[in-house]
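Here are my notes on the model, as numbered points. Please read them with the structure open.

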Amino acid sequence: MEKTVAKVSEVNQPKKKERLIDDFRKNKALYLMLIPGIIFFVIFSYIPMGGLIMAFQNFNVMDGLFHSPLNGLDNFKFLLSESMLPDLSRAVKNTFFLNILFIVSGTLAAVALAVVFSEIKSKRLKKITQSVSILPNFISWVIIALFLDIFLNSRTGIITNFLANFGMQVNFSQDPKIWPLVLVLLKIWQGAGYGSIVYLATITSIDQEIYEAAEIDGASRWQQIRRITIPILIPTVVLMTMFSIGKIFNGDFGMLYAIVGDNSELYATTDVIDTYVYRMMRTLNEFGLSTAVGLVQSLVGLFLVWVSNTLARKFQPGAAIF
């Protein structure tokens, strides 16, 4: 009897194809809005994957992608050779270290800004402060580099001359130890305001009755932030951090090359994988080696996302991507 009922219920249930068609009819507008995004990723993300074959070729521009001879894993072996390993290991270390600094400092700054914005009661003041904090995100790193030269130029820089008045002779163009701090401050200034949007949206979605109940119980505003706002923000912080971890071995090429350029004096702390690959491709014309490095970057990023998602699913299930 139970088997018969189960079979009847299976027959009465709509098939997956029918459910998908029915869902498409109900949400036709939403599915149509997906089309531009799908086209964008197909053109700029999936079709270029065909170029990964260069990582296994002795690529020659004249022979092209389809006629260059295959060389197996020779490009990967050459990257790990004694001649290449010191520079590559330095670039990997700098990429990982700088991205850790960017993720931690950027997240803390974005969360702090979001909390501050949520505490501003004046709508006019809130709009002004949000607009001012978001504006740097739309300024090109080339423009930022030009302004930075005004402050840090070794002879005419405002900050350089200011420090010189106190007997501190600092040459920013030749001292690599200073640049991790400089880059972190620039990254916070440029991206913290824009990054706070997601966290501010999470804060505004919190039921205000929770704060009212806490206030009735005698909780101060700081206690409400620490006990209510921050815990509710944690899943969002974990989710955004996972997105960042996927690119932890991808350096910000636009930022670093615009600011540092080909200044070899600063390579010790600023040379990342992307600038290293670009320099190698430009000077050696080794497209195969460059593609091999990019492939390794992508695979490592995929592995790190999988690991971070597994940890998130275990300790913070609501923040897991899949």
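1. In the second largest pocket, α7 provides the largest share of the lining, 6 residues. Helices are DSSP runs (H or I, at least four residues; strands are E, at least two), numbered from the N terminus. A pocket is defined on a 1 Å grid over the protein atoms alone, as an open set of points where a 1.4 Å probe fits, with protein on both sides within 12 Å along at least five of seven lines; lining residues have an atom within 4 Å of a point.

2. This is a predicted model, in which local features need pLDDT of at least 70 and side-chain atom pairs count only at pLDDT 80 or more, while totals for chains, interfaces and linings use all residues. Residues are numbered from 1 along each chain as its sequence is written, and side-chain values use heavy atoms, with hydrogens and water left out.

3. The second largest pocket has a volume of about 350 Å³, taken as the space filled by probe spheres set on grid points that are joined across faces, edges and corners. Its lining has 15 residues, and those closest to the centre are Leu148, Leu152, Ile159, Val182 and Leu186. Two or more lining residues come from each of α7 and α9. By class the lining has 15 nonpolar, no polar and no charged residues; nonpolar covers Ala, Val, Leu, Ile, Met, Phe, Trp, Tyr, Cys and Pro, charged covers Asp, Glu, Lys and Arg, and the others, Gly among them, are polar.

4. The largest nonpolar core has 21 residues, and Trp179, Leu183, Leu186, Met255 and Ile259 have the most contacts inside it. At least two residues of this core come from each of α5 (85-119), α7 (141-152), α9 (179-204) and α12 (253-259). Such a core joins buried Ala, Val, Leu, Ile, Met, Phe, Trp, Tyr and Cys residues through side-chain atoms within 4.5 Å; buried means under 20% relative accessible area, exposed over 50%, and partly exposed in between (1.4 Å probe, protein chains only). Not counting residues up to four places away in sequence, Leu186 touches Trp141, Ile144, Leu148, Met255 and Ile259, contact being heavy atoms within 4.5 Å.

5. Is Asn71 buried or exposed? Asn71 is buried, with a relative accessible area of 17%, and lies in the loop between α3 (28-46) and α4 (74-79). Leaving aside neighbours within four places in sequence, Asn71 is in contact with Phe56, Gln57 and Asn58.

6. Lys127, in helix α6 (residues 123-134), is exposed, with a relative accessible area of 59%.
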